[in-house]
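This report describes selected strands and residues of the structure shown below.

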Amino acid sequence: MGRHVAPRRWFGRGRTRALLALGTVFALGAVGTSAYWTDTATITGGTITSGSMDLQLQTPSSASWVHVGSGTSATDATLAIGNLTPNEYHAFDVAARNVGNADFTYTATVAQAGSWTYVNTPITVQFFTGSRVGAEDTSYPIQETCSGTALATVPVAAGPTTVIPSRPLALGASEQLCVRVGMVQDATDTNQNKSGQLRFDFTATQVTS
Amino acid sequence: MNRVWSVLLTGGAVVGSLCLLVALVSALFGVKPLVFRTGSMGPEIPAGALAMARTVDAADLEVGDVVSVHDAEGVRVTHRVVDLQESGEQAVLTLRGDANTVPDAAPYPVAEADRVFWSVPWLGHAVAFLSSPLGLLLLGGSAVALLIVVFRPTPRPTRGKRRATRVMVAAPVAAAMIVSQSTTGTAAAFSDSAAVSSSSIVAGNLHPPTGIDCTGGGLLGGLPTYVWTAPASGAPPLGYSVRYTRVAGVGGSAGGELTVSSTSWQLPSSLVAVGVTYRIEVRSRLHSWQSAYVVAGERVVVTLGALGLVNVSSCVT
(Lines give C-alpha, C1' and ligand atoms only; values in the text may rest on other atoms or scores of the structure.)
Protein backbone atom coordinates (compact mmCIF):
# COMPACT_ATOMS: atom_id res chain seq x y z
CA MET A 1 0.00 0.00 0.00
CA GLY A 2 2.99 2.20 0.37
CA ARG A 3 3.64 2.10 -3.34
CA HIS A 4 1.15 4.73 -4.21
CA VAL A 5 2.77 7.62 -5.88
CA ALA A 6 0.01 9.98 -6.82
CA PRO A 7 -1.33 12.21 -4.09
CA ARG A 8 -4.63 12.03 -5.94
CA ARG A 9 -4.88 8.29 -5.28
CA TRP A 10 -4.11 8.73 -1.62
CA PHE A 11 -6.60 11.51 -1.48
CA GLY A 12 -9.30 9.43 -3.18
CA ARG A 13 -8.82 6.42 -1.02
CA GLY A 14 -8.44 8.06 2.33
CA ARG A 15 -10.73 11.03 1.96
CA THR A 16 -13.60 9.10 0.40
CA ARG A 17 -13.59 6.48 3.05
CA ALA A 18 -13.18 9.01 5.81
CA LEU A 19 -16.26 10.76 4.49
CA LEU A 20 -18.05 7.43 4.49
CA ALA A 21 -17.14 6.98 8.10
CA LEU A 22 -18.34 10.45 8.91
CA GLY A 23 -21.54 9.54 7.14
CA THR A 24 -22.10 6.62 9.46
CA VAL A 25 -21.56 8.81 12.46
CA PHE A 26 -24.03 11.27 11.02
CA ALA A 27 -26.50 8.44 10.45
CA LEU A 28 -26.07 7.45 14.07
CA GLY A 29 -27.15 10.90 15.15
CA ALA A 30 -30.07 10.97 12.72
CA VAL A 31 -31.42 7.66 13.80
CA GLY A 32 -30.87 8.35 17.44
CA THR A 33 -32.97 11.45 17.36
CA SER A 34 -35.73 10.03 15.26
CA ALA A 35 -38.87 9.24 17.17
CA TYR A 36 -39.31 6.34 14.82
CA TRP A 37 -37.08 4.13 16.77
CA THR A 38 -38.24 4.86 20.22
CA ASP A 39 -41.98 4.30 19.99
CA THR A 40 -41.88 0.96 21.64
CA ALA A 41 -41.90 -0.62 25.00
CA THR A 42 -38.73 -2.14 23.97
CA ILE A 43 -36.99 -4.91 25.08
CA THR A 44 -33.59 -3.73 24.38
CA GLY A 45 -31.21 -6.29 25.69
CA GLY A 46 -34.02 -8.71 26.27
CA THR A 47 -33.48 -12.37 26.07
CA ILE A 48 -34.41 -14.43 23.09
CA THR A 49 -36.40 -17.48 24.00
CA SER A 50 -37.10 -20.42 21.84
CA GLY A 51 -39.48 -23.11 22.84
CA SER A 52 -43.14 -23.58 23.28
CA MET A 53 -46.00 -23.16 25.68
CA ASP A 54 -47.65 -26.07 27.32
CA LEU A 55 -50.56 -25.52 29.65
CA GLN A 56 -51.84 -28.57 31.43
CA LEU A 57 -54.98 -28.91 33.46
CA GLN A 58 -56.00 -31.20 36.23
CA THR A 59 -59.69 -31.78 36.70
CA PRO A 60 -61.58 -33.54 39.48
CA SER A 61 -61.60 -36.92 37.78
CA SER A 62 -58.03 -36.89 36.52
CA ALA A 63 -55.60 -38.11 39.11
CA SER A 64 -52.74 -37.13 36.85
CA TRP A 65 -52.16 -34.05 34.77
CA VAL A 66 -53.74 -34.08 31.39
CA HIS A 67 -52.71 -32.07 28.42
CA VAL A 68 -55.93 -31.29 26.74
CA GLY A 69 -54.86 -30.79 23.18
CA SER A 70 -54.97 -27.38 21.61
CA GLY A 71 -58.24 -26.47 20.09
CA THR A 72 -59.89 -29.62 21.28
CA SER A 73 -62.02 -30.23 24.26
CA ALA A 74 -62.03 -32.99 26.79
CA THR A 75 -65.10 -33.71 28.83
CA ASP A 76 -64.73 -34.34 32.51
CA ALA A 77 -67.14 -36.87 33.87
CA THR A 78 -67.09 -35.70 37.47
CA LEU A 79 -67.49 -32.07 36.61
CA ALA A 80 -71.21 -32.58 36.53
CA ILE A 81 -74.27 -31.61 38.47
CA GLY A 82 -77.61 -33.31 38.70
CA ASN A 83 -80.83 -32.00 40.15
CA LEU A 84 -79.54 -28.46 40.51
CA THR A 85 -82.03 -26.09 42.06
CA PRO A 86 -81.99 -22.34 42.65
CA ASN A 87 -79.39 -21.14 45.15
CA GLU A 88 -77.41 -24.35 45.05
CA TYR A 89 -73.66 -24.26 44.43
CA HIS A 90 -71.19 -27.02 43.71
CA ALA A 91 -67.41 -26.64 43.98
CA PHE A 92 -64.85 -28.45 41.84
CA ASP A 93 -61.09 -28.47 42.09
CA VAL A 94 -59.17 -27.59 38.95
CA ALA A 95 -55.46 -26.96 38.63
CA ALA A 96 -53.29 -25.43 35.95
CA ARG A 97 -49.63 -26.14 35.35
CA ASN A 98 -46.94 -24.64 33.14
CA VAL A 99 -44.86 -27.38 31.60
CA GLY A 100 -43.55 -25.42 28.63
CA ASN A 101 -40.16 -23.83 28.73
CA ALA A 102 -40.96 -20.24 29.55
CA ASP A 103 -43.10 -18.29 31.96
CA PHE A 104 -46.60 -17.58 30.79
CA THR A 105 -49.75 -15.80 31.76
CA TYR A 106 -53.04 -17.52 31.35
CA THR A 107 -56.65 -16.58 31.10
CA ALA A 108 -59.79 -18.64 31.07
CA THR A 109 -63.24 -18.17 29.67
CA VAL A 110 -66.47 -20.04 30.13
CA ALA A 111 -69.20 -20.55 27.60
CA GLN A 112 -72.32 -22.59 27.14
CA ALA A 113 -71.74 -25.94 25.49
CA GLY A 114 -73.63 -29.00 24.50
CA SER A 115 -77.35 -28.70 24.16
CA TRP A 116 -78.03 -25.65 26.30
CA THR A 117 -81.65 -25.29 27.27
CA TYR A 118 -81.47 -23.00 30.30
CA VAL A 119 -83.43 -19.79 30.05
CA ASN A 120 -81.97 -16.37 30.89
CA THR A 121 -78.47 -17.44 32.02
CA PRO A 122 -79.32 -18.75 35.50
CA ILE A 123 -76.06 -20.71 35.75
CA THR A 124 -73.09 -18.88 37.22
CA VAL A 125 -69.43 -19.74 37.48
CA GLN A 126 -66.92 -18.30 39.90
CA PHE A 127 -63.26 -19.19 40.22
CA PHE A 128 -61.29 -19.09 43.44
CA THR A 129 -57.59 -19.39 44.00
CA GLY A 130 -58.05 -22.23 46.42
CA SER A 131 -59.72 -25.58 46.70
CA ARG A 132 -63.07 -26.98 47.77
CA VAL A 133 -63.82 -26.57 51.44
CA GLY A 134 -64.72 -29.82 53.14
CA ALA A 135 -66.16 -32.98 51.65
CA GLU A 136 -68.84 -33.16 49.01
CA ASP A 137 -72.10 -31.68 50.24
CA THR A 138 -74.93 -34.10 49.70
CA SER A 139 -77.77 -32.51 51.63
CA TYR A 140 -80.17 -30.06 50.12
CA PRO A 141 -79.57 -27.24 49.48
CA ILE A 142 -76.05 -28.00 48.36
CA GLN A 143 -73.79 -25.11 49.34
CA GLU A 144 -70.21 -26.04 48.55
CA THR A 145 -67.61 -23.34 48.88
CA CYS A 146 -64.05 -22.71 47.80
CA SER A 147 -61.15 -21.32 49.77
CA GLY A 148 -58.86 -18.60 48.49
CA THR A 149 -59.45 -15.33 46.74
CA ALA A 150 -62.71 -15.04 44.86
CA LEU A 151 -62.64 -13.91 41.27
CA ALA A 152 -65.66 -12.42 39.56
CA THR A 153 -68.93 -14.30 39.35
CA VAL A 154 -69.88 -14.78 35.74
CA PRO A 155 -73.22 -15.84 34.28
CA VAL A 156 -72.59 -18.52 31.68
CA ALA A 157 -73.49 -16.98 28.33
CA ALA A 158 -73.52 -18.34 24.82
CA GLY A 159 -70.20 -16.72 23.98
CA PRO A 160 -66.98 -16.92 25.97
CA THR A 161 -66.82 -14.75 29.06
CA THR A 162 -63.63 -14.26 31.00
CA VAL A 163 -63.68 -16.07 34.32
CA ILE A 164 -59.97 -15.86 35.07
CA PRO A 165 -58.28 -12.59 34.17
CA SER A 166 -54.66 -12.87 33.15
CA ARG A 167 -52.64 -14.61 35.84
CA PRO A 168 -48.92 -15.34 35.75
CA LEU A 169 -47.72 -18.89 36.02
CA ALA A 170 -44.00 -19.40 36.18
CA LEU A 171 -42.22 -22.13 34.33
CA GLY A 172 -42.74 -25.44 36.09
CA ALA A 173 -45.24 -23.97 38.52
CA SER A 174 -48.80 -25.08 39.09
CA GLU A 175 -51.77 -23.34 40.60
CA GLN A 176 -54.68 -24.84 42.46
CA LEU A 177 -58.01 -23.39 41.48
CA CYS A 178 -61.55 -24.07 42.52
CA VAL A 179 -64.60 -23.37 40.42
CA ARG A 180 -68.01 -22.86 41.98
CA VAL A 181 -70.89 -23.64 39.67
CA GLY A 182 -74.44 -22.96 40.67
CA MET A 183 -77.85 -21.59 39.90
CA VAL A 184 -78.86 -18.15 41.02
CA GLN A 185 -81.62 -17.94 43.57
CA ASP A 186 -83.99 -16.06 41.30
CA ALA A 187 -83.68 -18.51 38.42
CA THR A 188 -87.00 -18.45 36.66
CA ASP A 189 -89.52 -21.25 36.91
CA THR A 190 -88.89 -22.07 33.25
CA ASN A 191 -85.47 -23.50 34.15
CA GLN A 192 -86.83 -26.65 35.72
CA ASN A 193 -85.60 -29.79 34.00
CA LYS A 194 -83.21 -27.83 31.77
CA SER A 195 -79.62 -28.80 31.16
CA GLY A 196 -76.41 -27.74 29.49
CA GLN A 197 -72.67 -28.15 29.60
CA LEU A 198 -69.92 -25.71 30.46
CA ARG A 199 -66.84 -25.23 28.35
CA PHE A 200 -63.77 -23.76 29.98
CA ASP A 201 -61.07 -22.49 27.64
CA PHE A 202 -57.69 -21.81 29.15
CA THR A 203 -55.23 -19.86 27.04
CA ALA A 204 -51.59 -19.44 27.97
CA THR A 205 -49.49 -16.68 26.45
CA GLN A 206 -45.76 -16.56 26.78
CA VAL A 207 -44.43 -13.77 28.95
CA THR A 208 -42.24 -11.64 26.75
CA SER A 209 -41.01 -8.86 28.94
CA MET B 1 0.37 -6.53 6.84
CA ASN B 2 -0.58 -4.17 4.10
CA ARG B 3 -2.74 -6.83 2.54
CA VAL B 4 -4.57 -7.42 5.81
CA TRP B 5 -5.14 -3.72 6.24
CA SER B 6 -6.33 -3.54 2.69
CA VAL B 7 -8.95 -6.23 3.27
CA LEU B 8 -10.09 -4.59 6.46
CA LEU B 9 -10.16 -1.29 4.74
CA THR B 10 -12.35 -2.55 1.94
CA GLY B 11 -14.64 -4.45 4.29
CA GLY B 12 -14.99 -1.47 6.54
CA ALA B 13 -15.83 0.75 3.63
CA VAL B 14 -18.48 -1.67 2.34
CA VAL B 15 -20.14 -2.06 5.74
CA GLY B 16 -19.91 1.65 6.36
CA SER B 17 -21.60 2.35 3.05
CA LEU B 18 -24.28 -0.24 3.70
CA CYS B 19 -24.84 1.25 7.10
CA LEU B 20 -25.29 4.68 5.63
CA LEU B 21 -27.62 3.32 2.99
CA VAL B 22 -29.73 1.36 5.45
CA ALA B 23 -29.94 4.28 7.81
CA LEU B 24 -31.02 6.59 5.02
CA VAL B 25 -33.58 4.13 3.67
CA SER B 26 -34.88 3.53 7.15
CA ALA B 27 -35.24 7.20 7.85
CA LEU B 28 -36.76 7.99 4.47
CA PHE B 29 -39.18 5.10 4.11
CA GLY B 30 -39.97 4.28 7.70
CA VAL B 31 -38.41 0.86 7.69
CA LYS B 32 -38.15 -0.61 11.13
CA PRO B 33 -35.78 -3.44 12.09
CA LEU B 34 -37.28 -6.00 14.45
CA VAL B 35 -35.58 -8.61 16.55
CA PHE B 36 -37.69 -11.68 17.14
CA ARG B 37 -37.31 -12.54 20.77
CA THR B 38 -39.53 -15.59 20.73
CA GLY B 39 -40.16 -18.35 18.28
CA SER B 40 -43.87 -18.56 17.69
CA MET B 41 -43.43 -17.44 14.08
CA GLY B 42 -41.19 -20.41 13.43
CA PRO B 43 -40.06 -22.06 11.34
CA GLU B 44 -40.33 -19.19 8.86
CA ILE B 45 -39.09 -16.61 11.34
CA PRO B 46 -37.29 -18.33 14.22
CA ALA B 47 -36.41 -16.79 17.55
CA GLY B 48 -33.39 -14.59 17.10
CA ALA B 49 -34.29 -13.52 13.59
CA LEU B 50 -33.86 -9.97 12.40
CA ALA B 51 -36.72 -8.69 10.31
CA MET B 52 -37.45 -5.47 8.49
CA ALA B 53 -40.91 -4.01 8.71
CA ARG B 54 -42.60 -1.02 7.20
CA THR B 55 -45.56 0.86 8.59
CA VAL B 56 -48.68 0.54 6.47
CA ASP B 57 -52.24 1.73 6.94
CA ALA B 58 -54.79 -0.68 8.28
CA ALA B 59 -56.66 -0.55 4.97
CA ASP B 60 -53.63 -2.02 3.19
CA LEU B 61 -53.40 -5.06 5.45
CA GLU B 62 -54.48 -8.46 4.27
CA VAL B 63 -54.99 -11.83 5.82
CA GLY B 64 -51.68 -13.65 5.67
CA ASP B 65 -49.52 -10.61 6.30
CA VAL B 66 -47.04 -10.80 9.13
CA VAL B 67 -47.54 -7.63 11.13
CA SER B 68 -46.05 -6.11 14.22
CA VAL B 69 -48.44 -4.34 16.59
CA HIS B 70 -48.64 -3.38 20.21
CA ASP B 71 -50.95 -5.31 22.49
CA ALA B 72 -53.06 -3.76 25.23
CA GLU B 73 -50.10 -3.81 27.59
CA GLY B 74 -47.82 -2.06 25.15
CA VAL B 75 -45.81 -5.13 24.29
CA ARG B 76 -44.90 -5.42 20.63
CA VAL B 77 -46.18 -8.61 19.11
CA THR B 78 -45.44 -9.84 15.61
CA HIS B 79 -47.78 -12.49 14.27
CA ARG B 80 -49.61 -13.39 11.13
CA VAL B 81 -53.03 -11.92 10.36
CA VAL B 82 -55.64 -14.68 10.34
CA ASP B 83 -58.71 -12.50 10.43
CA LEU B 84 -59.34 -8.88 9.71
CA GLN B 85 -62.43 -6.77 10.34
CA GLU B 86 -62.26 -3.34 8.79
CA SER B 87 -64.22 -0.44 10.13
CA GLY B 88 -63.37 2.83 8.48
CA GLU B 89 -59.72 3.69 8.95
CA GLN B 90 -59.42 1.14 11.70
CA ALA B 91 -59.06 -2.58 11.50
CA VAL B 92 -59.44 -5.18 14.18
CA LEU B 93 -56.80 -7.83 13.63
CA THR B 94 -56.85 -11.37 14.86
CA LEU B 95 -53.28 -12.62 14.89
CA ARG B 96 -51.77 -16.03 15.29
CA GLY B 97 -48.19 -17.16 15.44
CA ASP B 98 -47.38 -19.77 12.80
CA ALA B 99 -46.20 -22.12 15.53
CA ASN B 100 -49.24 -21.47 17.68
CA THR B 101 -52.33 -23.58 17.35
CA VAL B 102 -54.65 -20.87 18.58
CA PRO B 103 -54.97 -17.18 17.79
CA ASP B 104 -53.84 -14.59 20.29
CA ALA B 105 -56.20 -14.17 23.20
CA ALA B 106 -57.31 -10.66 22.30
CA PRO B 107 -57.84 -8.96 18.94
CA TYR B 108 -55.84 -5.86 18.08
CA PRO B 109 -57.65 -2.70 16.99
CA VAL B 110 -55.15 -0.75 14.88
CA ALA B 111 -55.06 2.19 12.51
CA GLU B 112 -51.71 1.10 11.12
CA ALA B 113 -49.28 -1.73 11.59
CA ASP B 114 -45.68 -2.60 10.78
CA ARG B 115 -45.71 -5.19 8.03
CA VAL B 116 -42.70 -7.50 7.88
CA PHE B 117 -41.30 -7.78 4.37
CA TRP B 118 -37.94 -9.43 4.98
CA SER B 119 -36.28 -11.46 7.65
CA VAL B 120 -33.07 -13.34 8.21
CA PRO B 121 -32.39 -15.85 10.98
CA TRP B 122 -29.75 -15.48 13.68
CA LEU B 123 -28.80 -11.86 13.01
CA GLY B 124 -31.12 -10.82 15.82
CA HIS B 125 -28.96 -12.70 18.28
CA ALA B 126 -26.02 -10.48 17.42
CA VAL B 127 -28.13 -7.36 17.68
CA ALA B 128 -29.61 -8.52 20.96
CA PHE B 129 -26.13 -9.15 22.31
CA LEU B 130 -25.00 -5.68 21.30
CA SER B 131 -28.06 -4.31 23.08
CA SER B 132 -27.17 -6.07 26.30
CA PRO B 133 -25.20 -4.23 28.99
CA LEU B 134 -21.98 -5.97 27.96
CA GLY B 135 -22.65 -5.27 24.30
CA LEU B 136 -23.42 -1.64 25.01
CA LEU B 137 -20.16 -1.38 26.95
CA LEU B 138 -18.25 -2.76 23.99
CA LEU B 139 -20.08 -0.43 21.61
CA GLY B 140 -19.44 2.55 23.80
CA GLY B 141 -15.75 1.73 24.03
CA SER B 142 -15.59 1.25 20.29
CA ALA B 143 -17.32 4.55 19.69
CA VAL B 144 -14.83 6.34 21.93
CA ALA B 145 -11.97 4.62 20.17
CA LEU B 146 -13.45 5.61 16.84
CA LEU B 147 -13.66 9.25 17.85
CA ILE B 148 -10.08 9.19 19.17
CA VAL B 149 -8.88 7.72 15.89
CA VAL B 150 -10.78 10.26 13.84
CA PHE B 151 -9.70 13.30 15.74
CA ARG B 152 -6.24 12.23 16.82
CA PRO B 153 -3.70 14.68 15.48
CA THR B 154 -1.34 13.07 13.02
CA PRO B 155 2.32 13.94 13.46
CA ARG B 156 3.26 13.03 9.92
CA PRO B 157 1.36 13.18 6.66
CA THR B 158 2.34 9.59 5.87
CA ARG B 159 0.29 8.49 8.89
CA GLY B 160 -2.84 9.72 7.19
CA LYS B 161 -3.39 6.49 5.39
CA ARG B 162 -3.24 4.46 8.56
CA ARG B 163 -5.63 6.83 10.26
CA ALA B 164 -8.06 6.33 7.43
CA THR B 165 -7.60 2.62 7.77
CA ARG B 166 -8.45 2.69 11.42
CA VAL B 167 -11.51 4.73 10.71
CA MET B 168 -12.61 2.15 8.22
CA VAL B 169 -12.07 -0.70 10.65
CA ALA B 170 -14.14 1.12 13.23
CA ALA B 171 -16.94 1.78 10.79
CA PRO B 172 -18.57 -1.65 11.13
CA VAL B 173 -18.71 -1.14 14.85
CA ALA B 174 -20.55 2.10 14.34
CA ALA B 175 -22.83 0.35 11.92
CA ALA B 176 -23.65 -2.35 14.41
CA MET B 177 -24.25 0.29 17.01
CA ILE B 178 -26.75 2.05 14.83
CA VAL B 179 -28.57 -1.14 14.02
CA SER B 180 -28.71 -2.29 17.59
CA GLN B 181 -29.92 1.01 18.93
CA SER B 182 -32.62 1.34 16.36
CA THR B 183 -33.84 -2.21 16.39
CA THR B 184 -37.04 -3.01 18.11
CA GLY B 185 -37.52 -6.18 20.04
CA THR B 186 -40.68 -7.97 19.12
CA ALA B 187 -42.37 -10.81 20.84
CA ALA B 188 -43.83 -13.47 18.69
CA ALA B 189 -45.27 -14.97 21.80
CA PHE B 190 -46.08 -18.61 22.00
CA SER B 191 -49.48 -19.53 23.23
CA ASP B 192 -51.27 -22.69 24.10
CA SER B 193 -54.79 -23.52 24.97
CA ALA B 194 -56.48 -26.23 26.89
CA ALA B 195 -60.19 -26.68 27.03
CA VAL B 196 -62.24 -28.78 29.35
CA SER B 197 -65.96 -29.25 29.26
CA SER B 198 -68.18 -30.26 32.07
CA SER B 199 -70.63 -33.06 31.78
CA SER B 200 -74.25 -32.03 31.90
CA ILE B 201 -75.34 -29.49 34.47
CA VAL B 202 -78.88 -30.66 34.94
CA ALA B 203 -81.49 -28.60 36.68
CA GLY B 204 -83.79 -30.18 39.19
CA ASN B 205 -87.50 -30.60 38.80
CA LEU B 206 -90.06 -29.51 41.37
CA HIS B 207 -92.80 -32.05 41.90
CA PRO B 208 -96.20 -31.28 43.42
CA PRO B 209 -97.14 -32.52 46.88
CA THR B 210 -99.06 -35.77 47.24
CA GLY B 211 -101.81 -37.18 49.38
CA ILE B 212 -103.83 -34.05 50.01
CA ASP B 213 -106.31 -34.87 52.74
CA CYS B 214 -108.99 -32.75 54.32
CA THR B 215 -109.54 -33.24 58.04
CA GLY B 216 -111.71 -31.67 60.67
CA GLY B 217 -114.75 -29.63 59.84
CA GLY B 218 -118.30 -30.51 60.61
CA LEU B 219 -120.30 -29.32 63.56
CA LEU B 220 -117.68 -30.06 66.18
CA GLY B 221 -114.47 -30.28 64.18
CA GLY B 222 -113.89 -26.58 63.69
CA LEU B 223 -112.58 -25.27 60.39
CA PRO B 224 -111.31 -27.91 57.95
CA THR B 225 -107.54 -28.40 57.64
CA TYR B 226 -105.80 -29.67 54.52
CA VAL B 227 -102.74 -31.83 55.08
CA TRP B 228 -100.40 -33.10 52.39
CA THR B 229 -97.06 -34.82 51.93
CA ALA B 230 -93.91 -33.39 50.39
CA PRO B 231 -93.02 -34.85 47.00
CA ALA B 232 -91.03 -38.04 47.27
CA SER B 233 -88.77 -37.20 44.35
CA GLY B 234 -87.29 -34.16 42.72
CA ALA B 235 -86.09 -31.06 44.51
CA PRO B 236 -87.38 -30.59 48.05
CA PRO B 237 -89.76 -27.62 48.15
CA LEU B 238 -89.11 -24.64 50.38
CA GLY B 239 -92.86 -24.16 50.78
CA TYR B 240 -96.23 -24.49 49.14
CA SER B 241 -99.00 -22.43 47.60
CA VAL B 242 -102.66 -23.07 48.31
CA ARG B 243 -105.14 -21.83 45.77
CA TYR B 244 -108.80 -21.66 46.64
CA THR B 245 -111.50 -21.05 44.10
CA ARG B 246 -115.19 -20.51 44.85
CA VAL B 247 -117.11 -22.89 42.69
CA ALA B 248 -120.57 -22.38 44.17
CA GLY B 249 -122.44 -19.78 46.17
CA VAL B 250 -121.83 -16.14 46.84
CA GLY B 251 -119.95 -14.35 49.58
CA GLY B 252 -116.70 -15.35 51.19
CA SER B 253 -114.07 -14.95 48.49
CA ALA B 254 -114.11 -15.59 44.78
CA GLY B 255 -110.66 -17.06 45.01
CA GLY B 256 -107.05 -16.44 45.87
CA GLU B 257 -103.70 -18.00 46.62
CA LEU B 258 -101.74 -18.16 49.84
CA THR B 259 -98.23 -19.33 50.53
CA VAL B 260 -97.57 -21.64 53.43
CA SER B 261 -94.29 -22.98 54.74
CA SER B 262 -95.58 -26.19 56.28
CA THR B 263 -97.49 -29.10 54.83
CA SER B 264 -100.87 -28.11 56.22
CA TRP B 265 -103.34 -25.30 55.82
CA GLN B 266 -106.50 -24.50 57.73
CA LEU B 267 -109.39 -22.72 56.06
CA PRO B 268 -109.37 -19.14 57.36
CA SER B 269 -112.63 -17.96 58.88
CA SER B 270 -112.68 -15.02 56.47
CA LEU B 271 -113.60 -17.42 53.68
CA VAL B 272 -116.57 -18.87 55.49
CA ALA B 273 -119.95 -17.88 54.08
CA VAL B 274 -123.14 -19.89 53.99
CA GLY B 275 -123.73 -21.72 50.76
CA VAL B 276 -120.21 -21.40 49.46
CA THR B 277 -118.11 -24.23 48.06
CA TYR B 278 -114.35 -23.92 47.51
CA ARG B 279 -112.07 -26.00 45.35
CA ILE B 280 -108.60 -26.34 46.90
CA GLU B 281 -105.34 -26.84 44.95
CA VAL B 282 -101.82 -27.09 46.31
CA ARG B 283 -98.45 -26.78 44.60
CA SER B 284 -94.80 -26.83 45.69
CA ARG B 285 -92.57 -23.74 45.74
CA LEU B 286 -88.80 -23.28 45.62
CA HIS B 287 -87.70 -19.66 45.25
CA SER B 288 -89.14 -18.75 41.85
CA TRP B 289 -89.85 -22.32 40.95
CA GLN B 290 -93.33 -23.79 41.21
CA SER B 291 -94.71 -27.20 40.53
CA ALA B 292 -97.99 -28.00 38.88
CA TYR B 293 -101.13 -27.73 41.02
CA VAL B 294 -102.67 -30.77 42.58
CA VAL B 295 -106.40 -30.57 43.08
CA ALA B 296 -107.55 -31.78 46.46
CA GLY B 297 -110.07 -34.58 46.26
CA GLU B 298 -112.29 -32.94 48.84
CA ARG B 299 -113.90 -29.55 48.69
CA VAL B 300 -115.00 -27.30 51.48
CA VAL B 301 -118.73 -26.77 51.71
CA VAL B 302 -120.16 -24.24 54.14
CA THR B 303 -123.69 -24.82 55.35
CA LEU B 304 -125.95 -23.43 57.99
CA GLY B 305 -125.75 -25.45 61.14
CA ALA B 306 -128.63 -27.49 62.43
CA LEU B 307 -129.42 -24.95 65.13
CA GLY B 308 -129.34 -22.12 62.64
CA LEU B 309 -126.83 -20.27 64.72
CA VAL B 310 -123.44 -21.32 63.36
CA ASN B 311 -121.97 -22.00 59.98
CA VAL B 312 -120.64 -25.48 59.49
CA SER B 313 -117.69 -26.07 57.13
CA SER B 314 -117.22 -29.62 55.97
CA CYS B 315 -114.88 -31.64 53.80
CA VAL B 316 -116.98 -33.01 51.00
CA THR B 317 -115.81 -35.35 48.31
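## The sheet of chain A

In this predicted model, five strands of chain A form an open sheet in the order β1-β4-β9-β6-β7, and their pairing is antiparallel. At the edges lie β1 (55-58) and β7 (150-155) of chain A, each of which pairs on one side only. From one strand to the next, the twist averages 25°.

Strand β6 (residues 123-128) of chain A runs antiparallel to β7(A), and four bridges join the two. Within this pairing, A:Phe128 has A:Ala150 in β7(A) as its bridge partner.

## The sheet of chain B

Chain B contains an open sheet of three strands in the order β11-β12-β15, again with antiparallel pairing. Its edge strands are β11 (210-217) and β15 (264-266) of chain B, each pairing on one side only. Neighbouring strands of this sheet are turned by 15° against each other on average, direction ignored.

Five bridges connect β11(B) with the antiparallel strand β12 (residues 221-229) of chain B. B:Cys214 stands opposite B:Tyr226 in β12(B).

Strand β15 of chain B includes B:Trp265.

Leaving aside residues up to four places away in sequence, B:Trp265 touches B:Thr225, B:Tyr226, B:Val242 and B:Val260. B:Ser241 is 24 residues from B:Trp265 in sequence, and their C-alpha atoms are 9.7 Å apart in space.

How values were computed. Residues are numbered from 1 along each chain as its sequence is written. Chains are lettered from A and ligands numbered from 1 in the order in which they are written. This is a predicted model: local features need pLDDT of at least 70, side-chain atom pairs count only at pLDDT 80 or more; totals for chains, interfaces and linings use all residues. Two strands pair if DSSP finds at least two bridges between them. Axes are lines fitted to C-alpha atoms, for helices over the stretch in contact, and angles run from 0 to 180 degrees between N-to-C directions. Two residues are in contact if their C-beta atoms, placed from the backbone, lie within 7 Å.
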